[in-house]
Amino acid sequence: MMTEYPRIVLPDIPDLHKIEVYKAHNGYQAAAKSLKMTPDEVINEVKASKLRGRGGACFPTGLKWSFMPKSTDKPKYLAVNGDESEPGSFKDRQIFEHNPHQLIEGILIAGYSMNLKAAYVYIRGEYHKWVKLFQDAVDEAYANGYVGEKMKSTFGTNFSMDIYVHKGAGAYICGEETSLMNSLEGDRGYPRFKPPFPAQVGLWQMPTTVNNVETIATIPPIMNMGGVEYAKIGAPGHPGTILFGVSGHVNKPGVYELPTGIPLKTLIYDICGGVPGNKKIKAVIPGGSSMPPLRGDEIEDVLMDEESLKKYGTHIGTAGVMVMDEDTDIVAVTLRIAHFYHHESCGQCTPCREGTGWMDKILKRLVAGEGSQKDVDLLLSICDNIEGNTICALGDAAAWPVRGFIQKFREEFEAKVKDTRVFVAPNVVHGKRLSHKDLVFKV
Amino acid sequence: MQIEFTTEELQEVQHHISKYPEKKAALMPVLWMAQKKWGWLSQDVMHYVGELLDLPASHVEGVATFYTMYFKKPMGKYHIQVCTNVSCMLLKGKELYDYTSNKLGLKHNERSEDGMFSLEEVECMGACGGAPMIAVNEDFYEYMNNQKVDEVLDNLK
């Protein structure tokens with residue numbers, strides 16, 4: 001028998017995207033309740049829920065909100081990150097389609113607690129249909145007096161804010177919060193240096209908070225049930241429910257809302273119906289393509305929350321779980337991931353711009369059977385030289401999976417090597433600068 | 001070709017400008033409008049958008065060329081996008097791309113001579129649960145195979 005799990009972000013209610021249906025199921029009551037509290041009380045409730053951001057970094061949401069300056073006349077903004085470009089991640093679009101008003105309500109609560117002027121919801125360009133669906137929901141909310149000037153009389157307060165939808169145009173990097181802000185401002189999506197952090201200097205130089213769509217959509221249920229109650233769901237260190245997007249070699253791929261800390265094997269075998277053909281699992285990426293993989297033989301006791309996954313050297317990320325069966329060519333998968341990051345590197349920082357290209361090329365020759373013995377170590381050396389040396393985390397995101405796959409499946413990489421191939425360093429001076437001495441090759 | 005928005009479209013441009021504290025931020029939405037109207041962003045179109053928003057042509061071009069979804073050359077009436085990223089690749093997305101490429105006789109970012117089709121090998125579109133997937137213009141088609149690609153493409157003609 002299947003266990004019943006709580007569903008609070010994507011409840012099983014038909015037509016919930018319509019405002020009448022949403023209202024009939026307690027819709028906008030959390031906002032009404034929150035707007036009668038003081039802003040600090042709202043933030044404290046979110047802190048008590050121990051909610052951690054669902055965009056990948058798992059930063060405590062209440063704490064992030066409390067960083068926003070209080071005594072300032074400057075307009076303050078919220079940017080809601082619906083760029084959702086991480087390969088393996090396809091959860092936010094379910095919220096736009098099935099529960100958009102809960103996201104809008106969450107924005108209002110966030111807006112009130114930080115006294116914001118407006119929120120911009122950044123949705124990736126490929127989601128044409130979902131941009132329209134969400135814009136329709138926003139228009140509906142305006143027409144019903146829940147957003148904008150009219151919300152003052154609806155909720156009986158002095159607070160009002162606006163919500164705007166902004167459509168991206170195909171750039172993975174814009175999921176990075178400072179890049180997203182540049183993109184919103186009409187610039188190329190280049191990440192900005194931090195500090196200053198967005199809470200001080202964000203959109204149009206004003207204090208800004210950036211939250212993931214799922215994070216904001218989780219706020220109304222938290223206000224309804226109370227932070228302490230919410231914190232009891234799932235794993236204590238990373239509580240709540242998460243939208244797991246499961247793809248790859250499983251019988252029933254899809255988005256499933258489940259409590260954190262659920263065993264990975266339950267997720268794959270009970271919820272997603274196991275692996276087609278009853279094949280063995282070779283590898284699982286637990287949180288989108290930038291997270292290091294798990295080996296099939298180490299998933300036995302893995303629990304799906306940030307604190308548990310850390311013990312295995314990986315992270316929950318965006319909870320995009322990619323399952324690979326025993327026949328998967330790991331080196332080819334690594335190449336595909338490396339190629340993606342090469343394509344998506346914005347080109348601002350040299351280690352990432354050049355390094356991702358090198359990794360792409362080296363992996364191409366390994367897959368083609370033209371790699372040398374030294375190539376595997378060269379890849380690791382490049383990872384070391386990218387990670388931590390770039391403005392934003394795309395560099396790390398490119399390095400982690402390559403290093404992770406080599407560390408866990410080194411034998412597969414070495415099996416691809418052509419023994420007779422001798423690496424010739426084209427530039428000896430450059431070769432000597434590398435930390436790995438043995439990278440200077442004999443001719 | 002006369003490059004100018006109609007009066008209604010100019011009102012829409014004004015609406016986009018009104019959403020942001022600075023005019024420059026309306027650039028992406030207005031580029032989307034321009035691409036919808038003219039099919040792609042020629043240099044003339046980019047310069048026109050720049051004039052509308054008081055932005056230097058270099059800035060408009062810089063932005064338009066940064067984002068892959070703004071077309072810098074004419075694309076087909078039906079722009080076929082096939083995902084080959086990890087989740088799709090695991091379920092034969094690359095083979096599906098090769099099949100589509102052979103069927104259309106087109107390579108990555110090429111357009112057929114009659115202007116009907118163009119093909120793009122795209123990065124993850126966020127439909128991993130329906131892998132392998134393709135998109136035709138703005139519509140997603142999930143759980144694809146060669147036969148289904150035939151059905152979708154043949155119905156477009």
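How many aromatic pairs does the rule find over all chains?

## Basis and aromatic pairs

The count comes to 26 aromatic pairs over all chains, where rings of Phe, Tyr and Trp (its six-membered ring) pair if their centres lie within 6.5 Å, with planes under 30 degrees apart counted as stacked, over 60 as edge-to-face and the rest as tilted. The rings of W38(B) and Y48(B) have centres 6.2 Å apart and planes at 90 degrees, so this pair is edge-to-face. Both W38(B) and Y48(B) are buried, meaning under 20% relative accessible area with a 1.4 Å probe and protein chains only. One aromatic cluster is formed by Y77(A), Y120(A), Y164(A), W204(A) and Y20(B).

The model is predicted, with local features needing pLDDT of at least 70 and side-chain atom pairs counting only at pLDDT 80 or more, while totals for chains, interfaces and linings use all residues. Side-chain values use heavy atoms, with hydrogens and water left out.

## Charges over rings

K167(A) lies over the face of W32(B), at 4.2 Å from the ring centre, and the charged end of R295(A) sits over the ring of F409(A), 5.1 Å from its centre (NZ of Lys or CZ of Arg within 6 Å of the ring centre and within 35 degrees of the ring normal).

## Domains of chain A

An automatic or database domain assignment gives chain A domain 1 (19-230), domain 2 (235-323) and domain 3 (330-442). The centres of domain 1 and domain 3 of chain A, taken over C-alpha atoms, are separated by 38 Å, and their contact (heavy atoms within 4.5 Å) takes 12 residues from domain 1 and nine residues from domain 3.

Notes. Residues numbered from 1 in each chain as written. Chains lettered and ligands numbered in written order. Buried < 20%, exposed > 50% of the residue type's maximum accessible area, 1.4 Å probe, protein only.
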